[in-house]
Amino acid sequence: MPIKSDSTAPEFDSKTFLKRLTERPGVYRMLDTEGQILYVGKARNLKNRVSSYFRKSGLSTKTEALVARIAGIEITITGSETEALLLEQNLIKSLRPPYNILLRDDKSYPYIYLSSHDNYPSLTFRRGRTRKGKGTWYGPFPSSGAVRESLNVLQKIFKIRDCSDSYFSNRSRPCLQYQIDRCTAPCVDNISPAEYADDIRHATMFLEGKNPAIINDLMAAMEQASKNLEFEKAGAYRDQIGHLRHVQEQQSIESSGGDADVIAIAQDAAIVCIVVIVVRGGRVLGTKDYFPRFSLEQSEGELLSAFLGQYYFGGSAQREFPREVLVPTEVDESDVLAQALSEAAGRDVRVRMNVRGERRRWLDLATTNAHQTLLTHVASKETVYRRLLALRDLLELKETPKRMECFDISHSHGENTVASCVVFDDNGPLKGDYRLYNIEGVTAGDDYGAMRQVLTRRYTKMASGDGKRPDLVFIDGGKGQLNVARDVFETLGISDITLIGVAKGVTRKAGMEQLIDAVTDSVFRAPPDSPALHLIQHIRDESHRFAITGHRKQRDKKRRQSTLEGIEGVGAKRRRELIRYFGGIQGIRKAGIDEIAKVKGISRNLAESIYAALHNE
């Protein structure tokens, strides 16, 4: 029987509720004032876990937002931590709470199906595992491409039929598959059931990753056929061996064995990408990408813990459990996950992080895939278009913006100030239109003056008809920077461009940005999981990155010039001699005048000048 707090109270009395809360494992459900589920979580110690939400400090901003909405908490005690994990995933799947990570449920995964035909079974592609089929199922595979690739190899090497039973039973002559050497035509008894059974056995061994054993069998059969003077049959075995060895050469990752699901995670532009690489028998069968929706600020370990629970226990499709789950970072409560997987699989399943050799290469491959997939996803037209529509609705624009610009200022204690302007259109970043502006004649550290200068320089030409006109301009900063931008636009007579300030908010954390409308001066926020906010963050972060990169280049260039290039009498040849003698600038700085004078071409007077310049004397 669930224990339920009083959800009708105007404010949730956490102290009273926590006093009577058990320390046993279980699942907790947080409700709002209308009784709707906000969040579902599991705990090995309910009292400790639920209490952590109500501590006075240390909570993330998004978690504080969740706690502020709590009007009641329901508790279900379970017999073990594993039961808590399974119940949590079932509840997330059925209730889909807004603050939980939500993973799209793939209802049917691709399988290879070996039919139950008495003499001549077929190998076919199947979408989803059903109870009707009495044959053998192999999978699920990570993608349909992985299944079709495997079937293509099986047909090429072992010539297993892929037709339906009704088509097979009604054939009176071989079909095209036989003509192109992809089938042995069992439909017209062109091969004996015993020989076909050998091909099926080898095909199943291939699916189980036992390639070396197949090659040994085929080599023995080839030698026996040669002894029996059955040279045509021996040639067929030889061709099969050649094909198998070619497949092994093409396989990018091949080891002595290993059944593992390899997990990697990447985050950027408020989007999380998780990649799963499926390895069976040491062979990489393929990859699957996921973009789970999340609303709370969570570490990679917490995100992976939530994802893996749903991946293995929250979907409607039955999964094949590996012997190992390889993860790139420590996963919260990995021992509970491993225990649940072991119980479900009926054998030991390990969750491992620190791995070496082949498994480390698998993890590196998954990580590379995750980062590349995320970059592609963020830059995809579909993603950008969806974000643009959301931005139009958020800002209540009449039309979807086609060109957006964002400005940021960067400097080091007021020195080497630069301003960046990045440009986005309906295809994403327009890096060819990015511009850096060196700010001059402005008091050191005066960000407002720097912003006024860059905007004036940028839009004076545009106001006179020279240059491309943006639909929307973002200013990275608070009301002060936005007021400067508004003054510049009014001075230049620009009134048809929407101007928005992007401030980091009190906590200065991603997801809590404050947006400021230059016209109404109103301050508002977008939900942390809003595609519009993700686009604004992407533009703002890109502007920030470009400004910092430009500033560092300017600073480094100035430092290089101030060391030796600005010293009178020290040309390129003498600089080379100094660097060669001392090994670098630091070595020259540490040297005394007498030591500098020992360098070829450096007189005593010049050594004194060099020393003075390097020590600001």
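Trainee: What does Ser 144 count as: buried, partly exposed or exposed?

Mentor: This is a predicted model in which local features need pLDDT of at least 70 and side-chain atom pairs count only at pLDDT 80 or more, while totals for chains, interfaces and linings use all residues. Residues are numbered from 1 along each chain as its sequence is written, and side-chain values use heavy atoms, with hydrogens and water left out. Buried means under 20% relative accessible area, exposed over 50% and partly exposed in between (1.4 Å probe, protein chains only). Ser 144 has a relative accessibility of 26%, so Ser 144 counts as partly exposed.

Trainee: Which residues does Ser 144 contact, leaving aside its neighbours within four places in sequence?

Mentor: Ser 144 sits in helix α5 (residues 144–158); helices (H or I, at least four residues) and strands (E, at least two) are DSSP runs numbered from the N terminus. Contact means heavy atoms within 4.5 Å. With those neighbours set aside, the contacts of Ser 144 are Pro 110, Phe 125 and Arg 127.

Trainee: What angle do α4 and α12 make where they pack?

Mentor: Two packed helices are described by the angle between their axes and the distance between the axes. Axes are lines fitted to C-alpha atoms, for helices over the stretch in contact, and angles run from 0 to 180 degrees between N-to-C directions. For α4 (residues 81–95) and α12 (residues 334–345), the axes are 9 Å apart and the angle is about 85°. That makes α4 roughly perpendicular to α12 (the range for this is 65 to 115 degrees, with under 35 roughly parallel, over 145 roughly antiparallel and the rest oblique), the angle being about 85°.

Trainee: How many nonpolar, polar and charged residues are in the contact of α11 with α12?

Mentor: The axes of α11 (residues 300–313) and α12 cross at roughly 10° and come within 11 Å, so these two helices are roughly parallel. Leu 308, Tyr 312 and Phe 313 of α11 meet Leu 337, Ala 340, Leu 341 and Ala 344 of α12. Ala, Val, Leu, Ile, Met, Phe, Trp, Tyr, Cys and Pro count as nonpolar, Asp, Glu, Lys and Arg as charged, and the others, Gly among them, as polar. The contact of α11 with α12 therefore divides into no polar, no charged and seven nonpolar residues.

Trainee: Which residues have side chains joined to Glu 405 by polar contacts of 3.0 Å and 2.6 Å?

Mentor: Glu 405 lies in strand β13 (residues 403–412) and counts as buried, at 0% relative accessibility. A polar contact is a pair of N or O atoms within 3.5 Å; within protein, one must be able to donate a hydrogen and the other to accept it, and residues adjacent in sequence count only if both atoms are side-chain atoms. At 3.0 Å the partner is Arg 458, and at 2.6 Å the partner is Tyr 459.

Trainee: How far does α15 reach from its first C-alpha to its last?

Mentor: Helix α15 (residues 447–463) has 17 residues. At its start, a side-chain oxygen of Asp 446 comes to within 3.3 Å of the backbone nitrogen of Tyr 448, and after the helix comes Gly 465, with a positive phi near 95°. The expected span is 1.5 Å times one less than the number of residues.
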